[in-house]
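Good morning, and thank you for making time for this item.

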Amino acid sequence: MLEARRIAKRFGPVVALADVSVEFHDREVHAVLGENGAGKSTLMNILYGLIRPDAGQVVLDGRALRLRRPMDAHAAGIAMVHQHFMLVEDFTVAENLMLGHLDVGWWLPRSAVRRRAREAARRFALDVDPDRRVEELSVGQRQRVEILKALLREAHTFILDEPTGVLSPDDAQQLFESLRRLRNRGARILFISHKLNEVMAIADRVTVLRRGRRIITESADRATPESLAQQMVGRPLGEFVRPPAPSSGDAVLELRNVSSARGHVALRDVSLVVRSGEIVGIAGVDGNGQTELARMVLGLDRPEAGDVRLFDPDGGRIEPAPRAVAHIADDRRREALVLNMSLAENAVLKHHTDATFSRRGWLNRRAIASHAAQLVREFDIRPASPFVAAASLSGGNQQRLVIGRELAAGRGLVLAVNPTRGLDVASTDFVHRRLSERAANGCGVLLISADLDEILRLVDRIYVIHSGRLTESRRAGDPARPTHDTAEIARLMAGLPPDCGGRT
Amino acid sequence: MNDVTVPELVASTLHRGVQAAVPLALAANGELIAERAGLLNIGIEGVMLIGALGGVASAWWTGSAVAGLIGAALAGALAALLFALWTVAWRRDQVVTGLAINLLAFGLTGVAVQRLDRFAESHGSTFVAPPLPMPAGIDPLATLTLLVVAVTHVAIFCTRPGLTLRAVGENPEAADTAGIRVALVRFIAAAVGGALVGLAGGALSVGMTHRFQEFMTGGRGFLALALVIFGRWSPIGVAIAACFFGLLDALQVTLQPTLGDAVHLLYPALVALPYVLTLVALAGVTGRARAPAALATPYDPR
């Protein structure tokens, strides 16, 4: 049994963990649930020797461990599969597996490692070719390499930090299969997540953390997604569902037969309309032309054929340009923020040349600070200091900053690309409410998301994108409350033709 | 050109080419080792210069050219450790630190050699290195260089320390979580690489001119920097590139007398030829070569 005993940790004034005790049994998958900032990563990092606790002990089979570095954890059979994989991309799988086994001689034991990798792969459904280079592997395969690394180090405790966040549904299923097999052979698996459905599917027991405290540890059979969500957030939380608001307003964005072979995926004859007051969703598996479509709407790429039209509230045509659209970018850390600049500087980044914020090339510091302070208040960004670096904000707070900045500029079109990826329940809810509010205030919202649930909850109309082609999926059924046909959307996402036989 | 036969001309050109290639190959291999660990030491010219001076100084002091070469390597290693102290221990910018080392080395070696000249004179001696022994007519430096290239190549690609080195240069974070001490590996790589760069300087001074002159490296360090890219971060590739440029350099010397009066016009162009070709080749080659992913990036484990 691995025990965290009365662990406490502060970072400056912030209490990350306060007197947390958890027991992790052998032969179990133990999920640790919590919102961003609840302390689950801190706890895992303590168990892995990356962070030293201020108080408390880590006890393995009755023996207190001294965990000062990850090496100490390895020696105790504790391994971690990081969210951002710790692999050398330029190396083969086998080379990655050999790295850091300092106990063997000078020459690289290539054939032995290959053999052991194949053996472990077969036993635990972790198939991956040891001679492939990591950069050629898919995300799911890379994760398998990480698990293999831990196995070859003879780990007994596996810590997985949000392992499914980046996986396709199929890869996630395969991961679960591997984890079950590992557990059945006696391994102890610590599974960090905030996806409730997954936790219910794989975990034997669940621990919920909130604001650095342990709220509950219980058997997964006894928990329900609703009860867990409530314990995570601290209050009952109905999932936000936006009532459909079909719009007959003016178009704010119109694409007519747009084609372009630029980018990784060619857009082919794409037509779409977004009217003021509505949210239009684009569903699809990542990498089917979403990036290319977004660039087109932002005016970053010009169509080779067809037409992209953007309209201001008076119906006049405006040139598509990044500054003409409120853009909630896919990768906020790279596309939306300059992480080394302050919150205040980021808050005006796209609009710093506006007369409010600068004159004749000189920045108006006071106006910028007061604008930032207003965003901080309105969008509940923490820490509430305009001068902290954007890099030091949590993911949820970074996204609040981006949304605050983009929505404050008052553009007619909002383009949101995977706006809740990596966010916890409360931040996701916040983002959904803001987007919905914008639509109610007369904006047109184009929501491109790989999360079909998100789309179904928010949008009025759905297009599915596959291999650069758009297909509209219309509501059907009861005319009073028409619903989307999710089976049809799934077929379109997979590139299959819509079910023609079903409707006549 | 009257009494020299063509085979003789070819032989002398080849000989001169090898001589020119030796310091280039040594320096480029030293830089390569550092770069494989993620350290871009553009102070290589300065390190080489320090090695050249350290080499002559120790050869003069001990009266042995071999001791001179060892001294050159030690001086280079120390200069490179200075670089590592700034960039690894204190995480300062590698380009700025490299520039500083160059300027420091240009100035310091100039001042030092004047003092050493006077010091040697006051002892009734001259500040020069004795010639290297040539057992059985084998060029010891060329042989050493071949050995260094072969050992480096095998070590980097076939041994555990090589894998560790490459991992640190590609993804220090992954190396760290695998239990590798990134800073230590970088210090060692800097020292070993610096020793080779210093040895390259020693090959110029102790091995060829037997004395130290200000700026005697004449841009060979910077050329070596380009050769690492040229040879795609592989020791054998780098050695081939060094031979190519060594030969080019020798050819330029051989061709000079045949040009007659045009020499005044063409001499500068000929001297520039290796560098111009470097530029041309780099423009075409770098697009396909891949540098270590963490090159010139400090690692801060927090």
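By domain bounds I mean the limits that an automatic or database domain assignment gives. The model before you is a predicted one. For chain A, the assignment gives domain 1 as residues 2–233, domain 2 as 251–325 together with 411–493, and domain 3 as 339–401.

Let me take the first two of these. The centres of domain 1 and domain 2 of chain A, taken over C-alpha atoms, are separated by 36 Å. Seven residues of domain 1 of chain A are in contact with five residues of domain 2 of chain A. On the domain 1 side, that contact comprises three nonpolar, three polar and one charged residues.

I turn to a sheet in chain A. Four strands form an open sheet in the order β2-β1-β4-β5, and the pairing is antiparallel. Its edge strands are β2 (14–24) and β5 (63–65) of chain A, each of which pairs on one side only. On average, neighbouring strands of the sheet are turned by 30 degrees against each other, direction ignored. Seven bridges join β1 (residues 2–11) of chain A to β2(A) in the antiparallel sense, and A:E3 stands opposite A:E23 in β2(A). Helix α1 of chain A, residues 40–47, packs on this sheet and touches β1, β2 and β4 (55–60) of chain A. The direction of α1(A) makes about 120 degrees with that of β1(A).

Next, the nonpolar cores. Which residues have the most contacts inside the largest core? They are A:F158, A:I159, B:L24 and B:L227, in a core of 160 residues. Helix α8(B) gives the most to this core, with 14 residues. A second, separate core has 66 residues, including A:V258, A:V280, A:L435 and A:L458. To return to A:I159, its contacts beyond four places in sequence include A:M44, A:L47, A:Y48 and A:L190.

Now the contact between the chains. Here 15 residues of chain B are in contact with 16 residues of chain A. On the chain B side, the elements that give two or more residues are α6 (160–170) and α7 (172–177). By class, that side has eight nonpolar, four polar and three charged residues.

Finally, a single position in chain B. B:R181 is found in the loop between α7 and α8 (182–209) of chain B.

Key
Residues numbered from 1 in each chain as written. Chains lettered and ligands numbered in written order. Predicted model: local features only at pLDDT ≥ 70, side-chain atom pairs only at ≥ 80, totals over all residues. Contact = placed C-beta atoms within 7 Å. Nonpolar A, V, L, I, M, F, W, Y, C, P; charged D, E, K, R; others polar. Core = buried A, V, L, I, M, F, W, Y, C linked by C-beta atoms within 7 Å. Buried ≥ 20, exposed ≤ 12 C-beta atoms within 10 Å, placed from the backbone. Pairing = 2+ DSSP bridges. Axes fitted to C-alpha atoms, helices over the stretch in contact; angles between N-to-C directions.
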